[in-house]
Structure formats: C-alpha cells, structure tokens
Amino acid sequence: MRGLVTKSTGSWYQVLGDDGNRYECRIKGIFRTQGIKTTNPIAVGDRVEFEIEQGQQSAVITKLEPRKNYIIRRSVNLSKQTQIIGANLDLALLVVTLASPPTSTGFIDRFLVTAEAYGIPAALVFNKLDLFSEEGLEILAEYIAIYENLGYPCFTVSALERENIETLNEVLKDKITLISGHSGVGKSTLINAIIPGSDLKTGNISDWSDKGKHTTTFAEMIDLPFSGKLIDTPGIRELGIVDIEPQELSHYFPEMRNLLNQCKFHNCRHINEPGCAVLDALENGEIEPSRYDSYLSIYNNENNRN
C-alpha cells in the first residue's frame with residue numbers, strides 16, 4: 001500500500017493511505033542502514049509504501065518514495081544531529097516577530113538560505129501586528145523592504161485579532177506549506193486563525209528568557225478547509241545549516257548570486273578579495289549589511305565545521 005506521512009512522533013508515524021484510511025506505522029529496521037544521516041529517516045510530507053502486519057493493528061513502512069525537496073536543520077547543541085522537518089513542500093513559511101520574542105535577521109536568513117538550497121519557495125509572515133507602536137511599524141516596514149526587494153513575499157498579520165488572515169489564506173490555497181518559527185511567535189495561534197476549530201494549544205512567553213514555551217511537540221500535517229495542507233512543526237530555538245559547502249553559500253543569497261560572474265576571481269569568497277563584485281555592491285549600498293553579516297556568520301560556521 002502507498003500513502004502520505006501526516007504525523008511523526010519519533011518512533012511512530014501516522015500515514016494517510018491512498019485508500020483514505022489512516023494507519024499507525026513504524027519503520028522497518030533497514031531504514032537505519034541506508035546512509036540516511038538524520039535522526040528521522042521519514043518525515044511529515046513523505047510519500048511511502050507500507051504493509052499491514054498480519055494480526056496487528058499497526059503497519060510497517062517498507063519504502064520511502066523519492067522526495068522533490070525537504071527542509072532540514074542541524075541541532076546547535078553538542079549532538080550536532082540533523083533533522084528533516086518537512087518534505088515535498090510547495091512553500092516554506094517562516095513566522096516572524098520583531099518583539100516578544102524577537103526573531104533575528106540571522107535566523108531569518110538561515111531559514112531562507114536553507115529553503116533556497118533545497119529549491120523551496122519561501123515567504124515571511126510578520127505576526128503580532130496588534131502590538132506595534134507607530135515607531136514599530138516603521139521598523140517593520142524596513143524589514144519588509146529588505147526581503148521583498150529580494151523577491152520573498154512578506155505578510156503582516158495579527159493572529160490574535162485575525163487581521164489580514166484572508167490574504168494569507170489565498171497564498172496557502174492548494175499548497176503543501178511548512179510553517180515554522182521560534183517558539184512563542186504565535187504559530188499555533190496563527191493556525192487556529194487560519195483553521196477555525198483546530199484548537200491547537202497555545203502558550204505564553206517565558207518571563208525570564210522572553211522565549212516561547214514549546215506548544216507543538218511533533219510535526220503534523222493539518223488539512224486546510226479551503227484545499228491545501230499545513231505542516232505544523234515544533235518551535236525552533238536555533239537553526240543550524242546542513243550540507244552547504246562554504247564555497248556554494250553565495251549561490252543561496254539572491255543578491256549575491258546575480259553578481260557571481262562579475263568577480264575578478266572565479267573562486268572568490270566575497271570576504272576580502274580584490275575585484276569582488278559582492279563587496280563593491282555592499283559598499284555601494286546595494287546589499288543590505290545585515291544580509292552580508294548573515295553570510296559571514298554562516299560561511300565561518302560552515303568553514304570551521306569542515
């Protein structure tokens with residue numbers, strides 16, 4: 001039988017069979033020896049083949065079908081383990097807040113680089129519009145200008161007040177969308193606004209750290225009422241880049257990618273080389289300093305890892 005993985009709890013997977021029934025599945029042991037280096041060889045959004053165990057209520061996943069893409073992250077703790085957080089996506093949506101808790105441009109850029117590297121269209125949703133002062137709205141406009149100029153769609157919403165939700169719904173229609181973000185950015189509240197009646201558990205911001213408390217424990221695919229699916233993921237504190245070589249990194253920054261053939265040296269690192277078109281663009285104000293800072297941070301981290 002064939003089906004779609006709709007939930008992952010680590011050791012068990014819920015699969016929506018092509019027959020319309022849902023099955024609780026586990027992985028056949030061979031998956032752990034097929035060279036898949038992630039903590040979860042199967043992810044929500046995967047298409048799989050499975051067999052129902054004789055005399056059992058459960059099934060066994062026997063084959064993973066080829067993926068068209070996936071989003072992967074590396075843990076930044078000592079384990080350095082990697083995890084696929086969603087597969088076969090039409091859109092990767094990052095929920096962002098400028099305060100309570102703040103989402104750094106470095107985190108945003110790492111997410112966008114990962115999406116670029118795996119060929120997934122990405123967009124940003126700036127949440128908690130109801131909390132913005134006049135000065136805050138000006139800062140928000142500056143953030144949006146940076147990313148819209150690079151071709152990334154940006155949306156402003158208040159999940160709590162259901163403001164601008166209809167506009168977002170039009171974007172999500174007929175797509176499989178992964179929705180991600182820091183804990184506490186209002187991801188669950190946003191999903192509840194998009195899907196009335198979904199009643200996802202929401203949490204308060206931790207006073208001592210201004211970080212959100214995890215309210216989503218496992219990745220899960222949720223059907224949208226207007227056609228399409230959302231993959232809800234646990235809140236991410238940090239996002240480590242995976243499988244991107246330092247010399248390839250500039251290809252995943254659109255503003256740099258357009259300049260690569262203009263550098264004096266074909267192996268230019270865009271750090272201190274003479275005749276570097278990227279450094280010239282940075283000096284002329286054509287590349288945003290925060291974006292270049294993110295490039296350097298990722299480049300140095302990846303170079304030190306190799």
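## A loop between β13 and α5

Gln247 sits in the loop that runs between β13 (229-232) and α5 (254-257); helices (H or I, at least four residues) and strands (E, at least two) are DSSP runs, numbered from the N terminus. This is a predicted model, in which local features need pLDDT of at least 70 and side-chain atom pairs count only at pLDDT 80 or more, while totals for chains, interfaces and linings use all residues. Residues are numbered from 1 along each chain as its sequence is written, and side-chain values use heavy atoms, leaving out hydrogens and water.

Is Gln247 buried or exposed? With 57% relative accessibility, Gln247 is exposed (buried means under 20% relative accessible area, exposed over 50%, partly exposed in between; 1.4 Å probe, protein chains only). Ser250, found in the loop between β13 and α5, is buried at 3%. Among the residues that Ser250 touches, not counting those up to four places away in sequence, are His270 and Tyr295 (contact means heavy atoms within 4.5 Å).

## Salt bridges around Arg2

The structure holds 12 salt bridges, each a side-chain nitrogen of Lys or Arg within 4 Å of a carboxyl oxygen of Asp or Glu. One network of them links Arg2, Asp18, Arg47 and Glu65. Glu65 pairs with Arg2 at 2.7 Å between the closest N and O atoms. Because Glu65 lies in the loop between β5 (59-64) and β6 (70-74) and Arg2 in strand β1, this pair ties together parts 63 residues apart in sequence.

## A buried pair

Lys187 and Asp232 also meet in a salt bridge, at 3.0 Å, N to O. Lys187 belongs to helix α4 (residues 187-194) and Asp232 to strand β13, 45 residues apart. Lys187 is buried at 6%, and Asp232 is buried at 4%.
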